[in-house]
Amino acid sequence: MSKKYLKRTCPFLDCGEALLKVNRLIIFLLLVLSFVSLASAELPDASQIGVDGLDIGVHFIRPESKYVTPNSGKPHYLNVDAINFIACIDAQSDPRAFVICSDNNNFKEVTLYPWPDQERCFVGGMPLSDFSCTNALVQVEYVQDDENLKVSGEFTISTFSTVLEKLLNSQYNDGGWRSALDTAFGVRALSHFDEIFDFEISQGLQWLKLNRNNDEKCWPKAPCNLEETTKILALLSDTGLNDSFRVINDGRNFLEQRQNYYDLNDEWWVNITDVAIGATISLVAINETVLDENFSIPANGSKILSFEASQGNILRVISDTDVIMNIYNQDGLLRYNFQGDNLTYTIPGACWSLNLPGEPCDSGATVYASSTNLSSFRIDRAKDYMITQIHSGVVKHYYGDGTDPVESALYVKDFYDPDLLDGDNVSASDQDGSYLYDVMQWVLFKQNNEGYWGDEFTGDTEDDEYESQLSIAREDQLKKTAFIVMALLDSGFNRSSEPVVDAHDWVSGIEDEINQSSGGSLGAALFIVQNNAYPLIYASPSVVVVDEQVKEVSFINPTPFEYRDLSFTLSENLQQYLDVEEKDFLSAFNYRTIKFTKKKVTDEELSGFVSVGNADQEIGRIPVLVFDSPTLEITSPDSLTVFGRSSSLKLTATKSKHSFDCSIAWDDASLKSPSFKLTKTSQSVNIEFSQAKTTEDVYTGELTCSSLGHSFEFPLSVQMERYVDKPLTLFPSTLVINGSSSQENILVKNNLDIDLSVSLSTNQYSEELLFPQEIFLPAGSSKNISLKGSFDTTLNYSGSTHLTFSTLDTSDSITLLVDVYSTPGSSGSLLRLIIILLFISALLGAGGYFTYQNRDELLKALNKIPLFQSKVEIQKKKASLVDLRSEEKAKAIMNMYTILKFQQATDAEIKKRLLGTFSKEELEAAFEKEGIALDTLDETEPEKV
């Protein structure tokens, strides 16, 4: 065995011997504890069914059962199962979830529901039936800070094995299968599901009891066969069934009686009886030591001599006439009988002989018998014999029969010692004489490339007996492989180990070739692939959403298991709000409808689980959400104008607080809309045609929205006026009005192939701005529109407005920035102002002290007159105006550049047009700010100043 299989108790090859032993002790204790916990597994109570403190990622929801083995690798599902999970993300967004097949990239989207118990967590699930895949993953995608992120969890899917159903169908009404050994294989396989198939198991044991030898309690009835009996008892001992079953207890007594058992200091004796009339002279020796010689046995008399029982010692008796020689063990039981004048008898080890005790040992019967539940001291004595049966092969060492790897595998199981199997202790395995490491290596070497042990079948498909020959060959391969897998699992391997996985895959591939009437073949196969057949139940829908007073949910049993002791347990936090109907029976391949009833109203959303148990094992754990029922009404506009290929359809919703997943199916194949999530009462949905054109038509379709299992459908009928492009292009997009009578030009282009009547309007400065109220644009034409200011020169104007161009029920606008200052008046006005000021000064002087006290207020009032404004304020306004003009000029440059690009002008044409209006410095500044490169600006040619 390589270090990959053998070095399990120390994860690092260089760990010290002391640390290695400590690790082994810890792991052994953990295994014992886990075994005890599985053996006494009970359904979780309500307080145990929950989720708390989940990290970011995908968390699979699995029942806690001995049938579902948690491990650090990928979770294992069956294709008849359903997958449930909770996904937690680190963003306030609505994620999407998919189950993706890694083998072929097929995928299905999974509906997600918020998981109220934990913020930013969502629950989902779906059946795996018809999802043809072996390696798969759950992938949850979401957006955070404009970045697409995802979390995922991998799992595997196996096909539910047909072997279980075939094994159940092949059991006869009397409880047995075809033979005693077949029945033992059937009982062994079903014992993994002892809570469910207790009746079938007890019937099988009853058949074995009624169809055994009545005197010796072995099999078959007559004649009794020790080798077959040891195989049967090895299988029954591996079931974990206790000695309360008579058939197992009686079988152990039979094996003890048939063992050549003795302690090292025990004495055996030989009784020599003369068969002739008269004296007989005899000699008795053990090995080279003479016990007695030249003694005479009187007529009809006998001579008894004792000797030390020791494996391999040779007893010799030589007489001058025929005598009867009986050899008895330490308990006075006859072990060998011989009549003649010359006896040579080798004392066997504490082994098992095929015919009578005391005869030569059989390596196969001994290793099978040592794999039963005999007392440890009897097995330890048998090991003294087995260790002498190690032989050197071409590859490593093997035990007993070099053509049967089962014997070597069981030998390793009987001698299992992690210290000796460790790759670093090969020499120790040799030194203690067990050659344990070598024997295991030999067993693994004997595994065929396809994954089985046994002889390869090379039958001729043209032979009429081919199917029969194949069935016989498969039965031998399956039984040997099952025994070896059983030995490996008791020798430090697990069902994820490569040799076991290879055997599992081989059986999965030949299920159709297994004889359906052979309980031995089917039982052996089921033992190997038992991970592909376990009891389960799932709900449809996969997530139970209780949003009504009474919610009916189907619970499905897609397996051949018959559940006779079902129970349904809600999480503790749900019990005061919900009642769940109890139904205790569910037949194979069937379903039951279970009612969830609300006991009282809750203002909050609740989440938890319903645990489904059968015979003290949890076979299903299904998420449960308690919500109010979603309601939804949607209205859409009767008409819509579409420019180009796309537009948006505004929907108005009257809805409950739930979010809805919506999609639109248009009857016209050229019109598409993306799926969307409806969360508000008003939502704009994109529509897109495959091509742009000018036409008018009514487009129909259906809007479908769903939430929490409820579906809502709304018919759509919209009159759409379509045009190949948006009606107008305006240039520039922004204008600056900084003079009381300034004039600006606006370029208006008709993008359509029809004549347009365009109205112009503004929402501010309507009296100060002069422009035409309506213009006419022939199809495809452009027109410069003059905009002139008429501002009062004595007033200041600062603000912004929009000049709006409206046509075809749509509008476009440009921004107008107004920054106009008043101009100083004439000299006559100034003289009049001075006279007034002198008059006011006289009044202030006459006012006396009171006027003096209010001089600051007067100065503030004077400062408001433009003539007296400080130079600093004027300079600030001028600088602000310069910056504003610079910014607007840059916007004008970029707007003109955009229009020219839209008209598909070349860079040279764009340069020529721009340099006709702006300086090179202004262009470079604008393009640098926007990060746009126009290479032709670097060419030398006259610039406009």
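Y723 counts as buried, at 9% relative accessibility (buried means under 20% relative accessible area, exposed over 50%, partly exposed in between, with a 1.4 Å probe and protein chains only). This is a predicted model: local features need pLDDT of at least 70, side-chain atom pairs count only at pLDDT 80 or more, and totals for chains, interfaces and linings use all residues. Residues are numbered from 1 along each chain as its sequence is written, and side-chain values use heavy atoms, with hydrogens and water left out.

**Overall make-up**

- The protein has 23 helices and 43 strands; these are DSSP runs numbered from the N terminus, helices being H or I with at least four residues and strands E with at least two.
- Of the 945 residues in the protein, 47% are buried.
- Among contacts with a separation of 6 or more, 67% join residues 24 or more positions apart (contact means heavy atoms within 4.5 Å).
- The accessible surface is about 46800 Å², and 48% of it belongs to carbon and sulfur atoms (Shrake-Rupley method, 1.4 Å probe; for residues, only the protein chains shown count as cover).

**Nonpolar cores**

- A nonpolar core is a set of buried Ala, Val, Leu, Ile, Met, Phe, Trp, Tyr and Cys residues joined through side-chain atoms within 4.5 Å.
- The largest one has 120 residues, and L190, Y411, L526, F555 and F596 have the most contacts inside it.
- Helix 14 (residues 466-489) gives the most to this core, with 8 residues.
- Another core, of 27 residues, lies apart from it; Y723, L735, I775 and F805 are among its members.
- In soluble globular proteins, nonpolar side chains tend to be buried together.
- Beyond four places in sequence, F596 is in contact with residues including V544, V546, K551, F555, L570 and V610.

**Around Y723**

- Y723 lies in strand 34 (residues 710-723).
- Its contacts beyond four places in sequence include T641, F643, K693, L752, I754 and L808.
- T695 is 28 residues from Y723 along the chain, yet their C-alpha atoms are separated by 6.7 Å.

**Around D547**

- D547 sits in the loop between strand 19 (544-546) and strand 20 (550-557).
- D547 is buried, with a relative accessible area of 1%.
- The side chains of D547 and K551 are joined by a polar contact of 3.4 Å (a pair of N or O atoms within 3.5 Å; within protein, one must be able to donate a hydrogen and the other to accept it, and residues adjacent in sequence count only if both atoms are side-chain atoms).
- Not counting residues up to four places away in sequence, D547 touches K598, F627, D628, S629, P630, L708 and H710.

- Side chains alternate along strand 32 (residues 682-689): Q683, V685, I687 and F689 point to one face and are buried.
- Strand 28 (residues 646-655) pairs with strand 32 in the antiparallel sense over 7 bridges (two strands pair if DSSP finds at least two bridges between them).
- Within that pairing, L651 stands opposite Q683.
- Strand 30 (residues 671-672) runs antiparallel to strand 32, joined by 2 bridges.
- There, L671 has F689 as its bridge partner.

- 4 strands form an open sheet in the order 1-3-7-6, with antiparallel pairing.
- Strand 1 (57-60) and strand 6 (112-114) stand at the edges with a single partner strand each, so one side of each lacks a neighbour in the sheet.
- Strand 6 and strand 7 (residues 121-127) pair over 3 bridges, and P114 stands opposite F122 in strand 7.
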